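Subject: Structure handover and findings

Hello,

Here is the structure for your files. My notes on strands and rings follow it.

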Amino acid sequence: MKINANFLNLKDSYLFATVGRKTAEYKKAHPEKDVIRLSIGDVTRPLAPVVVEAMKRAAEEMGKSETFRGYGPDQTCYGYDKLLDSILGSYARKGVTLAKSELFISDGAKSDCGNILDIFSQDNVVLVPDPVYPVYVDTNVMGGRVIIYADATQENGFLPMPVKGTKADIIYICSPNNPTGAAYSREQLKEWVDYANEIGAVILYDAAYEFFVCDDALCRSIYEVEGAKDCAIEICSYSKTAGFTGVRCGYTVVPESLVREGVSLNKLWARRQSTKFNGVSYVTQMGAAAVFTEEGEKQIGENLAYYRKNAETIAHCLDELNLFYTGGKNSPYIWFKCPNGMSSWEFFDYLLENANVVGTPGSGFGKNGEGFFRLTAFGTHENTEEACRRIAALLKA
Ligand code: MLT
């Protein structure tokens, strides 16, 4: 028996697990302290009422023999028509036409970001931005692939562009970005799409934060860019859009026209999913189907506005402190430079001990994140305001 020795090349623990452990240790040592967590991007607003009602109705159906359902429809990799139609409707409103056969319902973007690698050879060279959502790196380390990095820095606004002559086979793009909150313009995305098509690479486009985009110059789907259906797989989630971090539902788009080495990637992914996945529960899918209805979009819009207000509160605090930051506008993340030349982990400890506020150290996302720090806008108004008050008081002192 041999283990997958690639796992030995991973860092000891997943970034957010390390942050969680350090926070728990601090709380254990100081039970009297009121610690505010603005670290992991976990939502705090409850599900929209239309989602709850749809899930209740679906649960009732499951309790009656006439309407009970077992496995989902296998023709669509277990996606129910009602959900697929609502997703197609949401794409149509962005001016993107897709077919049902191009949609795959999942239990979230994180799983699909990792699972999609099953359809690619181990020999591929993977290009990821640095700093980056750790899942892209860790899942490729597990698979033993060669990873190269595109430097995202303060100088390029944390939006690296293709460098001529770089040979990559799989390219990860997340826009609006986790962790930096920076978002590519339509023209910049077009450059990436043209580059991928030119070199025959595949873009894995993580659109988990698309619903935070409010600037018309930005895309909400990579398929708004001409040529993207020939090179890009788009991975989406209801987690941040509709508060599904605990419910679990997402969808991945693999266009029919995406072909490499004469093979349809859509067919490969369908084959992978029908073998290794049995779909998302009926109750969850019916809840998700309610999200992209007129009433659903209105209700999730209220939650998104709530988080945007938090982002504004944090941005205002950083403006007052005169600290450089990106994000916060079309994104729920705010990425800022640690004050007084502190390293990311030094600032983490300083903030935890002196303001009892937890954020995420930028260096946990890659070497270019050193000296930066991430806060999320997914907390409550009260906690966000209190955290900003404490940060301002500490840093102005
Ligand atoms: C984050 O904080 O970066 C996200 O919550 C991670 C995730 O969505 O898995």
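A charge sits over a ring if NZ of Lys or CZ of Arg is within 6 Å of the ring centre and within 35 degrees of the ring normal. The charged end of Arg 45 sits over the ring of Tyr 306, 4.2 Å from its centre. Lys 94 lies over the face of Tyr 91, also with 4.2 Å to the ring centre.

Some ground rules. This is a predicted model, where local features need pLDDT of at least 70, side-chain atom pairs count only at pLDDT 80 or more, and totals for chains, interfaces and linings use all residues. Residues are numbered from 1 along each chain as its sequence is written, and side-chain values use heavy atoms, with hydrogens and water left out.

Strand 6

Helices (H or I, at least four residues) and strands (E, at least two) are DSSP runs, numbered from the N terminus. Buried means under 20% relative accessible area; exposed means over 50%, and partly exposed lies in between (1.4 Å probe, protein chains only). In a regular strand the side chains alternate between the two faces of the sheet. Here Val 202, Leu 204 and Asp 206 point one way, and Ile 203 and Tyr 205 the other.

Two strands pair if DSSP finds at least two bridges between them. Strand 5 (residues 170-174) runs parallel to strand 6, joined by 5 bridges. Cys 174 has Asp 206 as its bridge partner in strand 6. Strand 7 (residues 232-237) also pairs with strand 6 in the parallel sense, over 4 bridges. There, Asp 206 has Ile 235 as its partner.

Aromatic pairs

Rings of Phe, Tyr and Trp (its six-membered ring) pair if their centres lie within 6.5 Å; planes under 30 degrees apart are stacked, over 60 edge-to-face, the rest tilted. The structure holds 28 such pairs. Tyr 238 and Phe 292 form a tilted one, 5.4 Å centre to centre with 35° between the planes. The two are 54 residues apart: Tyr 238 is in the loop between strand 7 and helix 7 (239-242), Phe 292 in the loop between helix 9 (282-289) and helix 10 (294-321). Tyr 238 is buried at 0% relative accessibility, and Phe 292 is buried at 6%.

Trp 335 and Phe 365 pair edge-to-face, at 6.0 Å and 70°. Both are buried. Ring pairs also link them into a cluster with Tyr 14, Phe 16, Phe 158, Phe 324 and Phe 372.

Regards
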